[in-house]
Every structure is written in structure tokens, then in C-alpha cells.
Amino acid sequence: MSFKIFLETHNIINRAAGLGTFNYELVKGLSTLDFKNFELTLNTPNPDVLKEEFKDKFEYHKYNSLSRHPLFRVRKKYDLWHSVNQNTKVEPYHCKKYLLTIHDVHFIDEVSPDPNHRLNRLFRAKLEKSTAITYISEFAKSETHKNFDVPDIPEYVIYNGNPISTILDTSKYITNIPVDKPFFYAIGDFLERKNYQSIVNMMKHIKDFNLIISGNNDKKYGDKIKLLIADNGLTNQVFLTGKVSEEGKQFFMKNCTAFLFPSIREGFGLPPIEAMSFGKPTFLSNKTSLPEIGGEASIYWDNFDPEYMKTVLLEGLHEHETNKTEREAIIKKRAADFDWKRTAADYFDVYKSILD
């Protein structure tokens, strides 16, 4: 008997975003497993691209945006449907078993006053049909329970892996951003919750370093940060790269003095773990999931006063340099604790448990 599992992975094409990275890395990890008696189908807008990489390891279903509408949902019956994030609008027409992966419930900050808001209703419907739930952090689990009535079903916390499995040769990477001066690095989508204004304001009090921030800044919050940089005369000290390639990201992480991640809302937080792969000191906000992910290998800001942030940063750098060999070993070990092959194996164990 072969069990048929459908993975709703249509976000897999957008690997510049966190959900796209999650989709791809989970699929890549699953591809290394022996899943005899299981048939896994991937939902994707570009089946040929995945077929070229993963061959016949998976079955492939071509995603169509119409499948978001109830009338055009996938009609084929599967033994298990895995909704790989809480935001996806693609749902099964038939539902035997349903696994929901919850990354965060940040949407409640905007819609929580209205229990009948569309996002609240869609999320509650997912909870109600779930056979089991996985969370990417204990924080994501606690926030879900705090804000919603969660059914009495099996729940699992499965941490994401580290997307950097191979250290690239970046010696030939060319950038138009000046890197002749020591610099701090940050990367992520330009959203208010990333709190980049805090580290830009901090740079007004630090003259011996530059700050480089990567990510799609072609949006409202990006304009806000650009204006903040200009208004404070920091155009020769704070630089925005826009989106960068994997090689570019690794180049900046490998060569930065420290990695900064002052986000105030994260369901997990992949970039700090990536930076830790290079043994870099990581400075994080102490909000939401970040202390859970950074552990004792990271240094934390309790608030975002610029002078305070500067003090924590410079003292942390001094401590790192004083015990550099020991600190780098601790940081790299923390990065190695997060492994996509192990993560994928944990998800596959959940599949088997549901279908047992």
C-alpha cells in the first residue's frame, strides 16, 4: 500500500523570502530520505524546474492561482494534505488527514480586534480541520495558544534548519558597496517589524564602522529607511544593497564584523543562524522567538535606545575579540544545531505518525 501525501508548496519559487526558503529546504531535505510506500506530491508553478533537480523522487502538481477558490480546489484524493504555512489560501477539496505548519500568527496584530476578519476566519478553519499541528518554534506555539482555541490534537515543535549547508567561494564577488571599512551587516525583507530604523539611528553614534543592509527595499518601509539615512547625513555610512544572490549574502556575512538583527516579531529567524555559520557575533533583539533561536551564542538588546544599543554592541565586540577562538566555536556549534536533513526527517516522522 502506498500513502499519497500532498505538500502545498507553491511558494517554493520565491526563495528570497522566508516561506520560499522553508518550502525549498524542506523539500530538499525530504529528497534525501527513503520514503518507500509513500508518494509525495509537490505543488509548484514550475514543475519542470523541480523535476530537473529532484527527478522522480516526487510527483508534481502544477499550481494554478484559481485553486485558491473553493470551486477550483484540487479534486484528487490524498491520504494527507500538508499545509506548509498558515497563510496559504490553497486548500484541499477532499480532506482525509490535514497537517498544518504554523510559522507565526503575526496577522493578529492587525486583525485581532475583529474575530470575524477574513484572516481570523481562515486560520480558525485550518485549526478546526487539522489532524496535527507543527510549529517552527515554542514561541509560535505559545502565541497560537494565547490567541486561538487550539483543538486537542497532536502538536510538535520542529525547528527550521540552517539554509547554509555549503560555504561558497566568494573571493570573486564584486559589489558596488564600499567594503574597505569595517562594517556591520543585516538582511531581510523591508517590513516594519524588522526594525531597521533602530540600527540606523544607532549608527549616528558610531563612526568607525559602516552598516550594510540587504533585502527588497522597494516598498513603503524601504522608503522610510532611505529617508532616515538621508535626513541624518548617513549616506556615506549606511548602505542598502537591495536583493542579493546567495553568493552576495555569504560574501557580506563572511566579511562583516558583526551581524545585526533587531526584529521585534519573528516566528523563527533564519538570517542569524546563517551568519553564525561563519562564526560571526550576532546581536539580536530579545523579542519573540529570537532568544530561543540565538541561545547563549548571541547577544541581545533589551530596548532600542541608540546609545544603549551602541554600548551593548561595542562591549559585545570587545568580549568576542578577547575570547575569539572560544566564542567562534560556540557560535558555529549553535549554527550546526539547526539542520534541514534532521528537520525533514522529523516532518516525515509526523507524516508516518498521522497515517499509522
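These legends walk through a few close-up views of a predicted model.

**View 1. Seven strands line up in an open sheet.** Welcome to the sheet, whose strands follow the order E3-E2-E1-E4-E5-E6-E7 with parallel pairing. At the edges you will find strand E3 (59-62) and strand E7 (155-157), each of which pairs on one side only. From one strand to the next, the twist averages 20 degrees.

**View 2. Strands E4 and E5 are joined by bridges.** Here we step in on strand E4 (residues 80-83) and strand E5 (residues 98-102), which run parallel and are joined by three bridges.

**View 3. Helices H6 and H7 pack together.** A pair of packed helices is described by the angle between the two axes and the distance between them. For helix H6 (residues 196-203) and helix H7 (residues 220-231), the angle is about 10 degrees and the axes are 10 Å apart. Angles under 35 degrees count as roughly parallel, and H6 and H7 are therefore roughly parallel to each other. On the H6 side, the contact is made by Tyr196, Gln197, Val200 and Asn201. H7 contributes Tyr221, Ile225, Leu228 and Ile229.

**View 4. The largest cavity has a volume of about 40 Å³.** Searching the whole structure turns up two cavities of 30 Å³ or more, and this view shows the largest one. Its lining is made up of Val74, Lys76, Tyr78, Trp81, Pro92, Tyr93, His94, Cys95 and Lys96. Six of these lining residues are nonpolar, one is polar and two are charged.

**View 5. The second largest cavity holds about 30 Å³ of space.** Around this cavity you can pick out Pro281, Thr282, Ala297, Ser298, Ile299, His320, Arg327 and Ile331. The lining of the second largest cavity divides into four nonpolar residues, three polar and one charged.

Note on methods:
Residues numbered from 1 in each chain as written. Predicted model: local features only at pLDDT ≥ 70, side-chain atom pairs only at ≥ 80, totals over all residues. Heavy atoms only, no water. Axes fitted to C-alpha atoms, helices over the stretch in contact; angles between N-to-C directions. Helix = DSSP H or I, 4+ residues; strand = E, 2+ residues; numbered from the N terminus. Parallel < 35°, antiparallel > 145°, perpendicular 65-115°, else oblique. Contact = heavy atoms within 4.5 Å. 1 Å grid on protein atoms, 1.4 Å probe; cavity = no way out; pocket = protein on both sides within 12 Å on 5 of 7 lines; lining within 4 Å. Points joined across faces, edges and corners; volume = space filled by probe spheres on them. Nonpolar A, V, L, I, M, F, W, Y, C, P; charged D, E, K, R; others polar. Pairing = 2+ DSSP bridges.
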